[in-house]
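Here are my notes on the model you sent over. Have it open while you read, and take the points in order.

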Amino acid sequence: MRNSSAAIPTIRAVLRRPPVAMVLASVYILGTGALVAGTPRSLPFFLLFIGSLLLLYYLQLPAWFKAVGMGVTLALLMPFFGTRNGFYMEVATQVGIFVALALGLNIVVGLAGLLDLGYVAFYAVGAYTWAIFGSGQLLKSWPQLSGIFPLGGGSPTGTAWFFVFLLVAVAVAAITGLLLGLPVLRLRGDYLAIVTLGFGEMIRVLANNLDHPLNFTNGPIGITPIARPPIGPIQWALGALGIEATPAQIYPVYFYFIVLLVVGIVITVTNRFKNSHIGRAWEAIREDEPAAIAMGVPLVRMKLLAFAAGASFAGAMGVLFSAKQFFINPESFTFLESIGVLTMIILGGMGSIPGAILGATGVTILNLQILKQFSLTLNDWKNAGVTILGYNLANLPPQLEPAKYERMVFGVILVLMMIFRPQGIIPSRRRKMEFEEAALEKEEFAAEVVDTVEPKAE
Amino acid sequence: MEWDILIRIFPQVLVDGVTLGFVYALIALGYTMVYGVLEMINFAHSEIFVMGAFVGAEVLLIMQASGALGSIPALPLLVIVLAAGMAAAGGLAVAVERVAYRPLRGAPRLVPLISAIGVSFFLQDAIRLTESLWRNAFFLTYPTIAFFDERIRLVATVDISVKSLTLIAVSILMLVGLSLFVGRTKLGKAIRAVAEDQATAGLMGINVNGMISLTFLIGGMMGGAAGALFGVQYGTINPYTGFIPGIKAFTAAVLGGIGNIPGAMLGGVVLGLLESFAASYMSLLSGGAFGAEYKDIFAFSMLILILIFRPRGLLGEVVREKL
């Protein structure tokens with residue numbers, strides 16, 4: 001890097017100066033923001049705007065400026081664009097949900113090194129916890145319960161029980177994580193992966209079939225309507241400001257802010273975990289389990305804690321998801337979702353918090369926006385009869401729906417990342433150090449030992 | 001409780017279970033051979049199986065469209081379908097190994113597993129894409145062949161269709177052939193040597209990469225045959241058909257002792273029987289509260305229980321832990 005022309009270090013050095021970086025970041029945020037505000041349907045501009053978060057992360061800026069920049073971008077500009085184009089709010093909320101899921105899985109897979117292929121089970125547990133209690137579902141089998149709040153749910157102005165159940169679901173999901181963790185403690189590596197996969201499928205099959213003999217989950221039909229968080233205080237506050245807004249206008253922004261808040265909490269918790277003795281214990285287990293035991297890491301407790309912590313994030317997000325969607329069924333909690341979340345953290349970098357955030361954002365936007373946009377564009381071309389390389393697109397068969405090929409996207413990302421950059425786009429600092437150290441050790445080893453001993457995996 | 005119903009359906013459930021079990025056994029071979037040699041779960045094996053099923057379906061559908069289907073006798077037809085399915089699946093398995101697993105050899109264990117999951121997902125949609133472009137449909141139905149649908153009466157209340165019988169016969173033939181190949185031939189010995197110790201086998205002049213490719217080829221061919229037979233037996237397939245049979249075949253491989261070829265066969269048949277009985281009897285015994293829809297849960301619970309209490313399976317040797 002350093003050996004290229006002298007101009008590059010100079011530009012870097014200039015960028016390192018805080019005032020220059022600050023101006024640059026502000027101009028970028030406001031500039032892309034203006035572009036999005038001017039053309040609220042443009043996808044490239046929206047992506048550029050999202051890129052400002054990356055810019056804030058990579059530029060050398062004082063911490064307070066980063067905080068203000070992120071705050072302005074996420075808490076002011078984003079909801080503002082959301083009110084102009086509701087789809088952005090939907091995308092941003094989904095991204096937030098997946099960021100939290102990715103951070104949760106990142107604890108289990110990235111930090112503790114336990115490959116969990118059934119992570120979506122905990123998300124399902126959270127979602128069903130609220131869906132069953134926050135809707136009329138239980139009244140179908142037990143009408144005598146009808147007086148008890150929040151059963152019966154469905155009030156248009158929402159219920160404060162939502163927040164209670166956010167905590168309840170965290171606990172329920174964490175307990176489910178412990179229940180999964182206990183029997184699989186002895187398993188390692190790929191066997192653990194298959195067992196967690198089976199566990200994820202079991203939860204989905206249960207959700208699909210627990211509509212008889214007693215109706216808990218309403219089977220494949222799913223549960224609706226699911227109660228939402230209370231809107232009263234928001235309406236009152238907006239009314240005090242003289243703004244008239246219907247629930248349909250308020251809820252998307254409201255959910256966005258709840259998700260933002262929860263994601264903030266999740267990031268803080270993950271950070272605290274990572275930089276504590278618990279995080280170091282997890283990483284020790286990941287790198288070398290026997291050595292970790294020898295150094296006195298309480299293996300059982302640490303592994304269970306990893307499962308419980310990861311699961312609890314998913315539980316909270318499940319509650320948010322079910323309330324936001326108004327409707328859930330088992331189709332939302334398939335193996336595909338688990339692999340989607342895994343793809344996010346592999347892409348970003350296992351064990352890396354910014355990596356997980358970047359991966360979740362990238363993959364979600366790819367799925368929600370880019371694939372759909374591509375599908376729509378292709379359809380337009382097809383209807384217009386555009387010819388590419390001598391092939392008339394009007395001949396494309398109607399079964400071909402490019403938006404449905406998310407598996408292919410996940411597959412390509414996973415294989416390419418594993419082959420070319422297994423540490424991810426933003427590797428965690430410790431991982432990077434480990435890679436460098438390993439390379440260094442290899443050199444020293446080769447210099448000392450002339451005897452060719454093939455270094456074996458593990 | 002109507003005990004006589006339970007007894008009356010018993011032979012039929014047994015026959016169905018054995019048929020299903022041999023499908024699992026054929027798929028399980030692919031998992032167990034690759035695990036034996038590379039110690040990795042070839043997660044994409046379920047798509048290799050689906051590949052065989054799709055190629056078999058395409059061969060039959062194209063023949064049907066050209067009118068050749070009626071004029072060819074059933075047995076040569078079966079040979080053609082099996083050969084096509086096996087060739088395609090075997091080739092695909094070798095290609096997958098070359099592209100997605102070989103560059104990762106020697107990496108930490110989870111790395112090739114994640115790559116395999118990626119391949120699996122990619123192949124599912126690749127098959128869907130190809131079929132959508134080619135046929136504008138990705139749910140395919142095997143053309144019915146009258147000969148295979150005939151039923152042979154075994155005893156008064158039990159009959160078995162010719163296709164099930166064919167499936168069982170072909171499977172047994174292949175399993176015996178494979179056992180002989182791995183156990184008695186020089187190439188088989190070379191594969192076993194590579195499984196034992198790659199470095200030493202290499203020093204002895206064995207082409208390690210070649211043997212690994214051969215392992216994938218054989219496993220893939222068995223999977224492809226299973227796919228074609230599965231299609232003939234059960235009729236409809238789609239690109240995502242392979243997932244559940246794949247997981248169950250893996251369960252069968254673990255049940256029999258992973259890396260162990262006779263174990264995979266035994267595990268397959270045992271799992272098929274257990275599942276068949278669970279599916280038929282659970283509903284009867286619980287008065288309809290829990291029915292066949294829980295058979296997947298049953299199989300997964302089996303997997304978890306085996307891995308916890310007897311990870312080496314029925315026939316497996318004690319797994320040594322490499323450090």
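**Notes on the model**

1. The largest nonpolar core has 220 residues, and A:Leu101, A:Ala102, A:Ala306 and B:Ala25 have the most contacts inside it. Such a core is a set of buried Ala, Val, Leu, Ile, Met, Phe, Trp, Tyr and Cys residues joined through C-beta atoms within 7 Å. Domain 1 (1-84) and domain 2 (86-355) of chain A both give residues to the core, so it lies between them.

2. A word on what you're looking at: this is a predicted model, in which local features need pLDDT of at least 70 and side-chain atom pairs count only at pLDDT 80 or more, while totals for chains, interfaces and linings use all residues. Residues are numbered from 1 along each chain as its sequence is written, and chains are lettered from A and ligands numbered from 1 in the order in which they are written.

3. Back to A:Leu101. Leaving out residues up to four places away in sequence, A:Leu101 touches A:Tyr123, A:Phe313, A:Ala314, A:Met317 and A:Val341. Contact here means that the C-beta atoms of two residues, placed from the backbone, lie within 7 Å.

4. Now the two domains of chain A, whose bounds come from an automatic or database domain assignment. Their C-alpha centres lie 31 Å apart, and the contact takes nine residues from domain 1 and nine residues from domain 2. On the domain 1 side, α3 (43-58) and α4 (63-84) each supply at least two residues, with the largest share, seven residues, coming from α4(A). Helices (H or I, at least four residues) and strands (E, at least two) are DSSP runs, numbered from the N terminus. By class, that domain 1 side has seven nonpolar, two polar and no charged residues. Ala, Val, Leu, Ile, Met, Phe, Trp, Tyr, Cys and Pro count as nonpolar, Asp, Glu, Lys and Arg as charged, and the others, Gly among them, as polar.

5. How many residues does the contact take from chain A and from chain B? It takes 38 from chain A and 43 from chain B. On the chain A side, α8, α14 and α16 (406-420) each supply at least two residues, and α8(A) has the largest share, eleven residues. The chain A side divides into 26 nonpolar, six polar and six charged residues.

6. Chain B has twelve helices and four strands. Its radius of gyration (over C-alpha atoms) is 20 Å, close to the 20 Å that the globule rule (2.2 Å times the number of residues to the power 0.38) gives for 323 residues, so chain B is as compact as a globular protein of that length. Of those 323 residues, 49% count as buried; that takes 20 or more other C-beta atoms within 10 Å, against 12 or fewer for exposed and anything in between for partly exposed, with C-beta atoms placed from the backbone.

7. Finally, some backbone spots to check. Most residues other than glycine have a negative phi, and most peptide bonds are trans. A:Phe326, in the loop between α13 (299-325) and α14 (335-348) of chain A, has a positive phi of about 75°. A:Phe326 is partly exposed, with 16 other C-beta atoms within 10 Å. A cis peptide bond joins A:Thr224 and A:Pro225, with omega about -5°; A:Pro225 sits in the loop between α8 (189-209) and α9 (232-240) of chain A.
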